[in-house]
Amino acid sequence: QYVVLHDEIDGPKDFKEGALLQEMHQRFGPGCCAVLRINSLSPNPTQKGVVEDAVWDNFASFSSKPTSQSQFLVDASNARGLCLSTRDKLALRRSIAQMITLGLIPSIETRIFNLNISVTNGKKGVKN
């Protein structure tokens with residue numbers, strides 16, 4: 001799976017998603033390429049004291065973890081995900097789910113199958 005993240009804020013303003021996808025399909029083949037647009041919301045300098053989205057709580061490391069979401073106030077310099085729109089979050093969620101179901105799970109199943117064959121073949125040679 002090949003994914004290009006396009007940052008709407010810091011990325012090029014003349015970004016042509018269709019042309020990039022066509023080039024990726026030619027290079028890597030169709031069905032394994034995607035473009036994800038992130039940071040669709042513009043940063044707001046007055047976002048001081050904004051409650052951060054709870055989705056990031058499990059992935060962030062803090063020196064002192066707040067006991068409730070209402071206590072978790074951040075300033076804009078430490079904020080994560082404040083420029084991600086609901087559409088961005090859904091696209092990221094779908095992309096990750098697709099990677100897991102089409103790539104990771106089949107790969108793990110194949111490895112387990114091969115390991116099972118190895119163990120079974122090893123047992124055939126061992127007698128009590």
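These exercises work through the fold, the core and an aromatic pair of a predicted model.

**Exercise 1. Fold pattern**

Task: State how many helices and strands the protein has, and in which pattern they follow along the sequence.

Solution: 
- Count the elements. The protein has 2 helices and 4 strands.
- Read them along the sequence. The pattern is β-α-β-β-β-α.

**Exercise 2. The β-α-β unit**

Task: Determine the sense in which β1 and β2 pair, and the hand of the unit they make with helix α1.

Solution: 
- Locate the strands. β1 spans residues 2-7 and β2 spans residues 33-38.
- Check the pairing. The two strands run parallel, over 6 bridges.
- Take one position as a check. Aspartate 7 stands opposite isoleucine 38 in β2.
- α1 covers residues 17-28, and together with β1 and β2 it makes a right-handed β-α-β unit.

**Exercise 3. The aromatic pair**

Task: Find how many aromatic pairs the structure holds, and classify the geometry of tyrosine 2 and phenylalanine 28.

Solution: 
- Count. There is 1 aromatic pair.
- The ring centres of tyrosine 2 and phenylalanine 28 are 3.9 Å apart, and the planes meet at 15°.
- Apply the cut-off. Planes under 30 degrees apart count as stacked, so at 15° this pair is stacked.
- Tyrosine 2 sits in strand β1 and phenylalanine 28 in helix α1, 26 residues apart, and the pair links distant parts of the chain.

**Exercise 4. Core and burial**

Task: List the residues of the largest nonpolar core, then the contacts of phenylalanine 15 beyond four places in sequence.

Solution: 
- List the core. Its 5 residues are Phe15, Met24, Cys32, Cys33 and Val35.
- Follow phenylalanine 15. Leaving out residues up to four places away, it touches His6, Leu20, Val35 and Arg37.
- Buried residues make up 19% of its 128 residues.
- The accessible area comes to about 9,700 Å², with 57% belonging to carbon and sulfur atoms.

**Exercise 5. Glutamine 98**

Task: Describe where glutamine 98 lies and how far its C-alpha is from that of glutamine 1.

Solution: 
- Locate the residue. Glutamine 98 is in helix α2, residues 86-124.
- Compare the separations. Glutamine 98 and glutamine 1 are 97 residues apart in sequence, yet 9.5 Å apart from C-alpha to C-alpha.

Conventions: Residues are numbered from 1 along each chain as its sequence is written. This is a predicted model: local features need pLDDT of at least 70, side-chain atom pairs count only at pLDDT 80 or more; totals for chains, interfaces and linings use all residues. Side-chain values use heavy atoms; hydrogens and water are left out. Two strands pair if DSSP finds at least two bridges between them. A crossover is right-handed if, with the strands pointing away from the viewer, the path from the first strand over the helix to the second runs clockwise. Buried means under 20% relative accessible area, exposed over 50%, partly exposed in between (1.4 Å probe, protein chains only). Accessible areas come from the Shrake-Rupley method with a 1.4 Å probe; for residues, only the protein chains shown count as cover. Rings of Phe, Tyr and Trp (its six-membered ring) pair if their centres lie within 6.5 Å; planes under 30 degrees apart count as stacked, over 60 as edge-to-face and the rest as tilted. A nonpolar core is a set of buried Ala, Val, Leu, Ile, Met, Phe, Trp, Tyr and Cys residues joined through side-chain atoms within 4.5 Å. Contact means heavy atoms within 4.5 Å.
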